[in-house]
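Visitor: I'm new to reading protein structures. Could you walk me through one, feature by feature?

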Amino acid sequence: MVYCIVVSGRKRLPQGPDRASVFNREGESLRRKMLSLLNIFIITGILIFVAVYSRIDHENAYYNQVDSFENMTVALENITQNYLEGEQGICDVWARYINNRHMTLEEATLFIRESHVLKNTSSHLIYSDTMRGLSTRSVSTAPDEYEVDYRNVDIIGDGKWIADISQAINISRAYTNPMNGEQSLAFINRITVYDETSGTDREAYLLRIVPISDLEEKWAFPQSEFKNAEISVINANGDYIIKGGSFKSSNFFEFYKSYNQISNTDLQDLKESTSGETGSFVMKDSRDNLCVIAHTPVRVTNGWVMLNYIQRSSLDSKTENWILIGVITVGLLFLLAVNTVYMRLFNKKLQQMAKEAESANKAKTVFLSTMSHDIRTPMNAIIGMTTIAEKKIDDPKTVSESLHKISMASNHLLTLINDILDISKVESGNLSLNPIPFSIVESIENLVNISQPMIKEKMIDFDVRIDHVEKEYLYADNIRLNQIYINILSNAIKYTQAGGRICVDLREEESTDPGSVRLTFIVADNGMGMSPEFMKVMYQPFLRQTDSRVNSIQGTGLGLAITKSMVDLMHGTIDCQSELGKGTTFTITIDLPVADKQPDSFELGPIDILVVDDDPVLIETATDTIESLGASAEKAGSGPEALEIIRSRQKTGKNYDIVIVDWKMAGMDGVETAKQIRSEFGNSVPILLVSAYDWSEIETSLPDIGINGFISKPLFRSTLYEKINEILGVEAGAIESEDDYADLAGTNVLVAEDNEINWEIIHTLLEMYGIGSERAENGSVCVEKLNAAREDEFDLVFMDIQMPVMNGIDATKAIRKFENRRIAQIPIIAMTADAFSENISECLNAGMNGHIAKPVDIKIVIREIRKIKEKKQ
Amino acid sequence: MKKLFCVVLVIVLSLAVVSCGKGGEENKEVFTPSLDKETAGEINVVGHYSNFEALEEEFNRFAEYYPNVVLKYTYLDNYKKIISTTLASDNAPDIYFTTPSWVAENSAMYEYAEDLSEPALKINLSCIRDGLLNKDPNGNITMVPIYTTTYGMLVNENIFAKEGLSIPKTYNELIDVCTKLKAAGYENPVMGYSNNTSLLYSLFFPHFCGAISGNEAAILALNALEPSAGEYMRGSLDLVADFMSRGFVNLENCNELKNDYDAVIKRFFEGDIPMMFSSGNTVSGTEKREIQSESFVANPFKYSFHPAPSTDQGGFFLNTISIGFSVNKNSKNLDLTNEFMRFLISTSELNLMAQNKRMVTPCKNMKLDEIYSSFGELSESSIIYVSNLGLADAPDQQVRKAGAQVTNGLMTVDEAVAKFGQFE
């Protein structure tokens with residue numbers, strides 16, 4: 001609620017469906033953002049997980065290394081302890097021996113000198129009171145000098161810390177051996193020696209000296225991963241006893257403080273933890289590198305701690321697989337990018353499809369609405385006129401008019417239904433062709449005739465121009481071809497304003513297919529034209545241009561879709577040039593086989609004809625056609641020019657055999673020209689008035705004007721030939737007429753029809769053509785009747801599909817199974833209101849030979865009957 | 001506006017030029033390794049410092065050029081005596097501490113030392129103050145001073161500020177300040193380490209050196225330990241007697257100080273001593289011990305080191321070598337050791353080392369620690385290089401002992417003068 005108030009306060013939202021659309025779009029945008037965020041969240045989560053997992057794994061590995069380092073330190077401490085105990089043990093043995101033997105200092109020194117095995121070790125025996133004594137080895141720079149002086153080398157202090165023999169390990173700090181200057185350690189025992197001078201015992205110290213360099217060799221880390229480790233040993237104060245290279249200062253804790261921030265309290269804690277337990281800690285060394293110090297107390301000593309140093313980086317086992325993380329990151333980002341792009345494209349496509357579907361649905365809704373309207377309109381006429389006819393049954397004129405109007409409304413209704421059927425076929429891909437020989441002349445004439453009422457109604461300037469159409473009979477599905485031409489032309493008429501111009505051109509050209517001609521049918525109008533956007537989709541079904549001018553025009557939105565499909569089916573091309581507000585030109589080009597049957601050759605003989613027309617194209621095509629008939633043609637572009645030409649010709653004593661004048665010319669029209677000719681040159685020259693229009697309005701005044709006859713555009717060779725011959729009193733070549741139904745006499749048809757009215761209609765219609773028919777009320781009766789019939793009793797069966805007891809499909813299947821093969825093969829034509837492509841397929845699959853949709857067109861019925869009879873013959 | 005811009009531009013450019021000029025000397029010193037940087041080896045330095053963190057800093061800096069070189073400093077017990085043995089051993093160091101007096105006493109220190117003035121070594125000895133470079137009779141320089149020291153007094157500036165006093169620059173000012181401090185209730189206006197030596201050594205010995213400086217006859221007599229040469233001490237001993245007679249020094253309290261280093265610093269950091277006579281060596285330990293002193297941590301104060309004003313003109317900057325480095329010519333890594341010396345002997349590195357240790361740099365371009373700033377204010381004539389003085393160690397010891405006797409009231413000035421040459 002609050003949201004609505006806020007929004008409405010800032011921006012007025014659209015109302016109704018548009019408002020819902022806005023919300024849908026906003027909702028969609030929000031969902032998309034949420035989805036993107038979710039994707040990013042998941043990817044980020046995965047990356048964080050991988051990084052954290054890798055980090056934890058790395059840390060675990062590191063801690064394992066640290067544990068290992070600590071364990072190694074403990075192991076070294078054990079080695080150290082054993083070593084120290086061993087060294088102290090030797091010292092203890094010597095001290096005990098000296099004490100037991102009551103030796104002088106010199107004797108004790110001699111004894112130990114002789115006991116020494118190791119080259120680098122030595123022993124010093126010094127009186128505790130003077131801190132001077134003897135060494136087992138001489139001064140390195142004076143081979144005879146054995147006296148040793150510890151007065152300035154304070155490693156013993158007050159000596160109280162030195163435990164009795166075998167009670168503890170008494171070890172000094174690292175100090176400089178006064179005899180050789182080497183850094184050394186001393187294992188110490190308090191001993192008692194005899195002083196010959198005083199004749200009393202004197203306390204002395206026995207120092208077993210071990211060079212630190214020897215110890216360092218023993219304290220090498222065995223494991224290669226710790227090869228860079230350094231060992232130090234500190235005493236309880238932190239002073240180094242052994243000092244590794246990276247340990248600085250003289251005291252470890254001083255060293256720690258120098259390079260690490262630590263309070264005195266924490267330093268004290270560090271001291272206690274270091275000396276009290278095994279463990280490790282991290283600190284910065286003198287090079288600002290992080291290092292790990294593993295510590296463990298040396299148990300046999302008085303507060304010694306072994307400290308092992310290693311750089312932290314040496315313990316990093318490099319388990320952090322940054323390449324893996326990198327690859328995963330790049331992979332996920334790539335996937336995200338690809339998915340985003342793909343999803344965007346997919347969504348765009350979906351949106352487009354949805355839009356198209358929405359548009360199509362909308363179009364269908366409009367279409368259904370239109371259909372409803374279009375169906376109700378003729379139905380209204382049918383029902384209304386039927387009511388009127390019933391009421392005025394005694395008035396033949398009213399009844400006749402009503403029936404005529406009912407017939408027209410019915411035909412319109414049928415057209416609508418046929419369109420629906422056609423588009424159904426188009427959509428299902430079942431649109432098929434039924435080629436037969438046909439006359440293109442008739443087709444075009446029929447096209448013009450059909451169009452006349454609308455052209456007349458809209459006062460359209462209409463022209464039909466025929467160029468080099470020599471092959472009149474062609475082989476094609478003329479119904480579909482007519483449908484193509486009618487659709488295009490009717491569109492042109494519908495979308496051209498009153499008083500506009502439409503020009504139809506039909507051209508025959510050579511085809512690349514042997515035995516075929518290329519027919520180019522062009523319809524150009526100066527109507528409202530189409531937008532480029534609509535032209536992109538104009539062949540899609542149910543789409544009509546959105547234009548206020550168009551909306552008032554009736555249409556199903558199917559015509560172009562059907563037309564395009566049919567042109568494609570005929571392997572032709574359809575091209576459209578259109579500009580909004582300027583007009584449209586459709587060009588349809590189709591290669592059609594030439595039929596075997598052609599009219600007899602037309603030959604007019606040596607006659608002179610004057611053609612008068614202000615249309616340069618038309619006059620050109622007309623003269624060409626006339627000349628192709630063997631006659632001589634001259635051209636006049638207007639009425640006055642025609643008069644002048646006739647005048648000139650008469651001066652030479654000659655005259656034209658016939659003058660052909662176009663009716664609708666600018667300035668002096670055809671009628672006026674004819675009047676002038678008659679007025680000036682008399683009635684000797686026959687005049688033919690040419691028009692694409694209905695001439696019924698002037699037909700009655702023909703004799704008064706002096707016009708001998710009319711000829712309709714287009715001017716086909718045959719049309720011209722027949723009309724000129726008619727005017728000149730020569731009988732034209734006979735063209736086979738379809739109005740002779742004698743061939744149908746004696747035909748007998750079995751009609752399976754459950755509906756009484758339908759039966760009556762078909763029966764009556766057939767009867768009108770001399771065709772006998774018998775009714776079967778349903779499929780079962782039909783089967784029975786055929787079963788009981790003589791072999792030649794019925795020529796074919798018209799089979800309704802939806803019937804009680806047995807439907808047409810089952811009946812057909814049953815008939816096809818007859819033992820009597822002749823009856824079993826009787827032609828069966830479906831005659832049904834089931835007019836969709838699948839219905840037709842079903843019929844054909846059941847064994848039927850054809851399909852006629854209800855309401856029946858008797859011409860189609862007759863054509864089907866004739867076809868069957870022809871086959872039979 | 002344009003003018004202002006031009007003026008600013010000129011000033012900026014001028015400053016840039018000046019600053020470039022100032023940096024020039026050190027820039028010229030940029031160390032360029034002459035050995036393969038991958039060279040591996042070990043350099044051992046031995047000395048009598050139990051700690052030498054400033055040198056360890058240099059090790060780290062050198063390791064930036066030679067990461068595979070291990071440098072190690074080792075403290076030797078009884079250094080002065082053992083060094084000759086150590087130098088003769090298989091584990092002889094590469095570099096060892098020396099001082100002029102040690103070299104004089106211990107021939108081994110000289111015999112093992114390499115001539116560092118050898119041009120091929122390319123050691124920049126010119127950065128050292130001339131008065132500190134000792135050449136042997138052959139003109140060789142076997143020791144390069146690393147640290148020098150001087151004598152003076154640590155001053156608790158907070159006390160002076162509190163009492164509204166200025167740090168004394170002349171002897172009379174010293175007397176005046178001490179009088180006022182005494183009156184203000186300071187039991188010990190002045191303290192110093194007195195055991196076996198004179199707590200006023202920082203006062204009278206620079207005075208003595210100043211008195212004989214340039215007097216060759218006096219120096220010859222003193223070096224010859226002629227009894228009459230004791231007279232050369234009289235002025236300085238009178239100074240001691242005069243100062244002690246004024247009651248500014250409580251000898252008992254001074255005698256409680258166990259040594260001239262830790263104990264002195266610790267006592268000074270108690271915060272109630274306005275002036276503590278000491279040497280630069282003692283000053284070098286102050287910074288590190290600040291946090292070790294609970295008193296100082298609790299009540300920190302500003303302190304500085306000043307020349308002890310022994311005359312009406314002021315005090316002296318008596319500059320002596322604290323330690324020098326000699327290179328063992330038998331070093332197993334002689335090239336590497338010389339490379340390290342070439343690196344170390346430079347104004348920047350020596351100044352840095354001196355600052356890190358709070359010692360006085362031996363370099364001509366002295367970059368004195370702030371604590372020594374008042375020494376920088378002294379005139380050139382007040383600077384006395386003991387090594388240039390020509391005074392031998394024996395008369396030096398005689399003078400010290402005489403001073404100690406007078407300071408501690410064990411002898412009169414006359415008695416001390418008369419006993420010159422006979423002190424043991």
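Guide: Let's start with pairing: two strands count as a pair if DSSP finds at least two bridges between them. Keep in mind that this is a predicted model. Here's a case: in strand 10 of chain A, Leu290(A) is the bridge partner of Lys284(A).

Visitor: What holds paired strands together in general, and how many bridges join strand 9 of chain A to strand 10 of chain A?

Guide: The general idea is that strands of a sheet pair through backbone hydrogen bonds, either parallel or antiparallel. In this structure, strand 9 and strand 10 of chain A run antiparallel and are joined by six bridges. They form a hairpin with five residues between the strands, and there Asp288(A) takes a positive phi near 65 degrees.

Visitor: Which strand pairs with strand 10 of chain A over seven bridges?

Guide: That's strand 11 of chain A, residues 305–311, again in the antiparallel sense; strand 10 itself covers residues 290–297. One bridge to look up is the one between Pro297(A) and Val305(A), the latter in strand 11 of chain A.

Visitor: Let's go inside. Which residues have the most contacts inside the largest nonpolar core?

Guide: They are Cys209(B), Met233(B) and Met276(B), in a core of 116 residues. Helix 8 of chain B (residues 201–212) gives the most to this core, with eight residues. The core also draws at least three residues from each of two domains of chain B: domain 1 (37–148 + 322–367) and domain 2 (151–319 + 375–418). Apart from this core lies another, of 80 residues, including Leu519(A) and Tyr721(A).

Visitor: Is Ile384(B) buried or exposed?

Guide: Count its neighbours: a residue is buried if 20 or more other C-beta atoms lie within 10 Å of its own. Ile384(B) has 20 of them within 10 Å, so it is buried. You'll find Ile384(B) in strand 10 of chain B, residues 383–385.

Visitor: How many residues apart in sequence are Ile384(B) and Cys209(B)?

Guide: They're 175 residues apart in sequence, yet 7.5 Å apart in space, C-alpha to C-alpha. Leaving out residues up to four places away in sequence, Ile384(B) touches Cys209(B), and among its other partners are Phe316(B) and Leu318(B). With the same exclusion, Cys209(B) touches Phe316(B) and Leu318(B) too, as well as Ile384(B), Val386(B) and Leu389(B).

Visitor: Finally, how many residues of chain A are in contact with chain B?

Guide: On chain A there are 21, in contact with 21 residues of chain B. Strand 4 (175–176) and helix 5 (252–259) of chain A each supply at least two residues of that side. By class, chain A's side has four nonpolar, 13 polar and four charged residues.

Definitions and conventions: Residues numbered from 1 in each chain as written. Chains lettered and ligands numbered in written order. Predicted model: local features only at pLDDT ≥ 70, side-chain atom pairs only at ≥ 80, totals over all residues. Contact = placed C-beta atoms within 7 Å. Helix = DSSP H or I, 4+ residues; strand = E, 2+ residues; numbered from the N terminus. Nonpolar A, V, L, I, M, F, W, Y, C, P; charged D, E, K, R; others polar. Core = buried A, V, L, I, M, F, W, Y, C linked by C-beta atoms within 7 Å. Buried ≥ 20, exposed ≤ 12 C-beta atoms within 10 Å, placed from the backbone. Domains from an automatic or database assignment.
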